[in-house]
Amino acid sequence: MTEKTQTPGARAEIDVRGLHKSFGANEVLRGIDLEIKQGEVVCVIGPSGSGKSTLLRCVNLLEEPSKGQVFVGGAELTDPDVDIDAVRRRIGMVFQQFNLFPHLTVTENLTLPQRRVLGRDKAAAAKVAAENLERVGLSEKASAYPASLSGGQQQRVAIARALAMGPDVMLFDEPTSALDPELVGDVLAVMRMLANEGMTMMVVTHEMTFAREVADRVVFMDGGVIVEDGTPDQVIGNPRHERTRHFLSRLLDPAMAEVEEEDSAP
Amino acid sequence: MTGTDVPLQPKKKGLTRRQKRSLSRGIQYAVFVAAVIAFAVAADWDRLANQFAQGDIARQMFPDVITLALKNTVLYTVSGFVVGLVLGMVIALMRLSSVGPYRWLAGVYIEIFRGLPALLIFIFIGVAVPLAFPGTEIPGGTYGKVALALGLVAAAYMAETIRAGIQAVPKGQMEAARSLGFSPARAMISIIIPQAFRIILPPLTNELVLLFKDSSLVLFLGVTLEERELSKFGRDLASQTANSTPILVAGLCYLLVTIPLGFVVRRMEAKAQEAVK
């Protein structure tokens, strides 16, 4: 937290320093320091309103931080002179609501950004698109429109679209929260595959099983600060803070949590 | 159950609600039929037919009413629509701009050109502009003037339609595009505007119908024989022959285009409704 220079070797792919974010009078992030190393998979968990999605969105500047610095791949995003579009090309983002382009086919969703942003020619973009659709197991949907796909399929296409840009980092903003339960597994399988391939990933999620099995680190946020940061076994298996324990118990067994809440009330 | 024989409402003498409803409907039909009969009896059909339905005068209008007048009407409309669309797009983007003066300017434009009758714009283009800037010529002659006049009017309406369409595209689309590395302008052009146009295709087609009718105002610009459109063509022939049949034929030519277009708009609206579901 105190080191202010880039150390080669153990390179920090994402480096967040002293980050604050307010919406009007509402301070959502109150000083976040977070470093994610190359190839690391970090899951960010926490109750709704804890600021975890805002933190993720600050990492590719979809939200403008009020204070603090964000570095991705060594480039400072919060520097006013930085070419934000160039930095964003290295950061893939997956949204809760998929945000596929509905007026384009699956293949066009993958090829248009490559051609317009990276300047790839049609054939090269199509080749990359086909490869990435195969990675997420949706080659047969290449010419379908997003509206004809299930939520899980749409999310896998969204992941493929981000991957087609060849990012160094992938950000996931509650990627399975909008899905029917039976469709969650396919999306998590794709994310697991990515993690195994060594992709640097920052995942805001409620999927504790995924976090436990796939994440290198779990970060618990509450009230705009990082409360706990450690291995999955530490944070999920053996949380040190009461707030973490409370959150986890509510998440794992909502009915039990209600009883506890009434118990703790005077 | 104790209250079964207690009526829900105090029973009044007279008609039940259902009877009242059918009586009211019966009266409406009666009024309608009476009005039709009165019109049919009162109108002098022979004189009407004489004035509006002279077969040989109608025949004499062909093929010029199609090959010249309708063609010019379409030409004026389409050129006005294109000018309006381009200008409207610029104004819509100005209206959404983060630069205050742009928003303000666009707002003023929209208020002025929506508030003025199209006729005044035509007179302004036809008379005031040549007076104010002697020697300057609007390119394209009459066609250019019409395109400009119609375009200026249409742009004000289309700008508001386009703005609404752009704002109707979900915010996530811009976010997805930006996070893929699109610049704001590129995202607007490649992602947002194509989706906005799907949304606003029905109202834009409606605007086309309105322009089609407004093109009749060309007659205030003073046109050559070759530049006449349906209204002017019909009126000229009507005064030549001292008979109104050409007006009727010209009117039918308008409907020939506007009714199918209206049908297309309703089809598109129905389809859009379905897509939302």
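This is a predicted model: local features need pLDDT of at least 70, side-chain atom pairs count only at pLDDT 80 or more; totals for chains, interfaces and linings use all residues.
1. A quick word on terms first: two strands pair if DSSP finds at least two bridges between them, and helices (H or I, at least four residues) and strands (E, at least two) are DSSP runs, numbered from the N terminus.

2. Residues are numbered from 1 along each chain as its sequence is written, chains are lettered from A and ligands numbered from 1 in the order in which they are written, and side-chain values use heavy atoms, with hydrogens and water left out.

3. Back to β4 of chain A (residues 67–72), which also pairs with β1 (residues 12–23) of that chain, antiparallel over five bridges. In that pairing, A:Asp15 is the residue opposite A:Phe71.

4. Now the interface. Taking contact as heavy atoms within 4.5 Å, 18 residues of chain B touch 22 residues of chain A. Together the chains bury about 1,700 Å², 60% of it on carbon and sulfur atoms; buried area here is the accessible area (1.4 Å probe) that two parts lose on being put together, summed over both. B:Glu175, B:Ser179 and B:Leu180 supply 34% of the area that chain B buries against chain A, more than any other three residues.

5. What about charges across the interface? Two salt bridges are counted between chain B and chain A, a salt bridge being a side-chain nitrogen of Lys or Arg within 4 Å of a carboxyl oxygen of Asp or Glu. A:Asp85 and B:Arg178 meet in a salt bridge through their side chains, at 3.1 Å from N to O. On the chain B side that touches chain A, the elements giving two or more residues are α8 (171–179) and α9 (184–214). That side divides into seven nonpolar, seven polar and four charged residues (Ala, Val, Leu, Ile, Met, Phe, Trp, Tyr, Cys and Pro count as nonpolar, Asp, Glu, Lys and Arg as charged, and the others, Gly among them, as polar).

6. Over all chains, the count is 23 salt bridges. In chain B, B:Arg228 and B:Asp236 form one, with the closest N and O atoms 3.3 Å apart, and both residues are buried (buried means under 20% relative accessible area, exposed over 50%, partly exposed in between, with a 1.4 Å probe and protein chains only). Salt bridges that share partners also join A:Arg57, A:Glu63, B:Lys171 and B:Glu175 into one network. Within it, A:Glu63 bridges to A:Arg57 at 3.0 Å between the closest N and O atoms, and both of these are buried.

7. Have a look at A:Arg156 and A:Asp186 too, a salt bridge with the closest N and O atoms 3.6 Å apart. The pair links distant parts of the chain, 30 residues apart, with A:Arg156 in α5 and A:Asp186 in α6 (residues 181–196) of chain A. A:Arg156 counts as buried because its relative accessibility is 11%, whereas A:Asp186 is partly exposed at 42%.

8. Last, A:Ser148, in the loop between α4 (122–135) and α5 (151–163) of chain A. A:Ser148 counts as exposed because its relative accessibility is 52%.
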